[in-house]
There are 2 protein chains.
Amino acid sequence: MKGNCLIAQSGGPTAAINATLAGVYSGAKENENIDIIYGGLNGIEGIMQGKLVDLAPILEKDDNLELLKNTPSSFLGSCRYKLKGFDVAEEEYKKIFDVFEKFNIKYFFYIGGNDSMDTVLRLKQYQQANDRGVTVIGVPKTIDNDLYEVDHTPGFGSAAKYIATTVKEIACDTAVYDMDSIVVVEVMGRNAGWLTLSAGLARDSKGKCAADLIYLPEVPFSYEKLMADIKKVMENKRQVIIVVSEGIKLEDGSFIAEAKQKDMFGHGQLGGAAKNVEAKIKEALGVKTRSIEINVLQRCAAHCLSKTDIDESFMMGRMGAKLAAEGKTGVMVGSVRKDGKEYGLEIGCGDIENIANKEKKVPESYINAEKNGLAQPAYDYLEPLVMGEIQVKTEKGIPVHLNIKDFI
Amino acid sequence: MKGNCLIAQSGGPTAAINATLAGVYSGAKENENIDIIYGGLNGIEGIMQGKLVDLAPILEKDDNLELLKNTPSSFLGSCRYKLKGFDVAEEEYKKIFDVFEKFNIKYFFYIGGNDSMDTVLRLKQYQQANDRGVTVIGVPKTIDNDLYEVDHTPGFGSAAKYIATTVKEIACDTAVYDMDSIVVVEVMGRNAGWLTLSAGLARDSKGKCAADLIYLPEVPFSYEKLMADIKKVMENKRQVIIVVSEGIKLEDGSFIAEAKQKDMFGHGQLGGAAKNVEAKIKEALGVKTRSIEINVLQRCAAHCLSKTDIDESFMMGRMGAKLAAEGKTGVMVGSVRKDGKEYGLEIGCGDIENIANKEKKVPESYINAEKNGLAQPAYDYLEPLVMGEIQVKTEKGIPVHLNIKDFI
């Protein structure tokens, strides 16, 4: 199929999603069937409005493609727009495919997480039913690491590195006074505890300056157990670093941070788990306690990238272009970890039906017997993903990023 | 004076205070009058309890001295203990000088901020009145940059770099959705707005991904003006990044974040300025608003150091040792910026009486006419301080730090 291609980004931004965009672009350039490579602004929502930009004049200039790789957040903008079924909202699908037709788009690449893969799945189904001649490929990203069909998601490694680095520095900061004190750090992750788990990489050789207690949403949370856990840690040290997921829930299933409002996908918006835990600790133990929300920094801290993550995110993007060239459609780029002692990733094709609207949780074998930390398999899984540093480009000491608004 | 020397750290930790410790150590080593170089644990409080450690066996091992330079937070621990006058609490002074005598301490170096310099001043005065034969030298540090007698304080440059980097990344993160939204970032600085000012370094060439509005504690804050300022920014862009100091005050002098309790020095403990501003914006403008507290990370983010800051902090430490060797006592290491276009720092001797218990504010000339951002002199002052990066040592992808608890 000769024609143009379109790449768009969707869902929450990550520090690596632009490396994937750079990868798709670089792969699409090598496909002689592809003429113009467009970027779609603000995901499927912007595409419906016909907001497409020709990427070559932007990315072929200077070292912009390299700069793009280390630019955090979605360069093309994003959306959280969820397509309804085409049985109830066919006009949306028509609008999208009409835009595709207008710009002669034969290949569409959508970079995103679970919800975005749902969009890819629906577009594929509509395409199958209506034969509009467009190849649709999903390329995964999410800091949450909760997608099936991949060993881990692009973006997760950098977020994990930032969280572990930051928690280790917080532990250093907390250790200075000769007094009992507790810090509760809150990490993102509504239902899957991968990001919280990665705080476990904040440890030194002797476990003296580390994340001491880690609570995942996969394990029912109990204040009684928390207080007992803290007392046990305090037998050996005066300062305790606790890391909790925003999504920790009590035995009865209620969130520690009560869901206050729903987001556009109907998910409850959380916030304040650490604040609540802080208050309970002060009440129960009377110890000086501080809570810290790592907040959006965990998904946009491009000054603390994992080189492994950026390299892999780029390769995943390139594989997206390759799958399209091979005639695949309605699939997502997948990955499997190679067997053997040395870390390696095999990047290939994943089944999108096994991805959309599902969430991969932290397996029980990754959690220690006390349910407050990591078991060895968790370290084995996580450690390769945060390896390597990238020296980002700076100007007057501050990182430089590529900004789409400079070009449109 | 032949004898031993003692170095201690006090006050809030910074990412550069250990570079200063490394500098004093390195300078003291070259002084042939100094035999053993001790570190005092937990500042003056630990010294009163005789908690001294010989530093040579720690810092001469492997590359520990280099590692110390890039370790955040106070390696020797800290305290917030404030000495009373020796007219009312002479026993404390006796205790300290008895420890000095017991360990044959002839040189005492205290690394800290305003409150620590008060301790240096008092020890000097007691020494003058009682002739206990000890040289007392202050070496400045504080992320707050509010000390006189220095062009800027060691630790400030790294904190400024981290804040500007982070705010720029938050701006990238916020720009992705095609909707109106506002982020309020809260930065430390009770009475002096230096750290908040440094968020102004988060800008790109065209001002599209930047800190849009900056409010310092030096300027009376008005919600009415804030809303007008936001509306003006929104004429040109949909996302607005606002940076506020934790210490912003209304015209009548009341803090936005009401002081809830006093810390050990009687300062009101602030928190929640951004949360309050967030609530008011939502109420007044009905725009999606999020608040982010940068929290302790701004003082301990050793993964984002300013090379200029670390180099200068080390040199300030070395100058402390030099002043002692020259027979100075009761002084603090000071600095003056060299004249001329090219940035340079002259490190010398400062007058401690002009430092203790005083706070240097941001001058009016650094603030723009609209009182919501930087004037050119602020850029000229700040930019050299954040220059240069340091590739910190990592193990399995996570920074390695030197930990005193591995040695005692």
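How many of the 19 residues of helix 12 of chain B are buried? The legends below, which describe a predicted model, begin with that helix.

**View 1. Helix 12 of chain B and the glycine that follows.** Of the 19 residues of helix 12 of chain B, 16 are buried, so the helix is largely enclosed by the rest of the structure. Helix 12 of chain B runs over residues 307–325 and reaches 27 Å from its first C-alpha to its last, which is close to the 27 Å expected at 1.5 Å a residue. After helix 12 of chain B comes Gly327(B), with a positive phi near 90°.

**View 2. The open four-stranded sheet of chain B.** In chain B, four strands in the order 7-8-6-11 form an open sheet with parallel pairing. Strand 7 (213–215) and strand 11 (288–293) of chain B are the edge strands, each of them pairing on one side only, and the twist averages 15° from one strand to the next. Strand 7 of chain B is joined by three bridges to strand 8 (residues 239–245) of chain B, the two running parallel, and Ile214(B) stands opposite Val243(B) in strand 8 of chain B.

**View 3. Helix 10 of chain B against the strands.** Helix 10 (residues 273–285) of chain B lies across strand 6 (181–187), strand 8 and strand 11 of chain B, and runs at about 175° to strand 11 of chain B.

How values were computed. Residues numbered from 1 in each chain as written. Chains lettered and ligands numbered in written order. Predicted model: local features only at pLDDT ≥ 70, side-chain atom pairs only at ≥ 80, totals over all residues. Expected span 1.5 Å × (residues − 1). Buried ≥ 20, exposed ≤ 12 C-beta atoms within 10 Å, placed from the backbone. Pairing = 2+ DSSP bridges. Axes fitted to C-alpha atoms, helices over the stretch in contact; angles between N-to-C directions. Contact = placed C-beta atoms within 7 Å.
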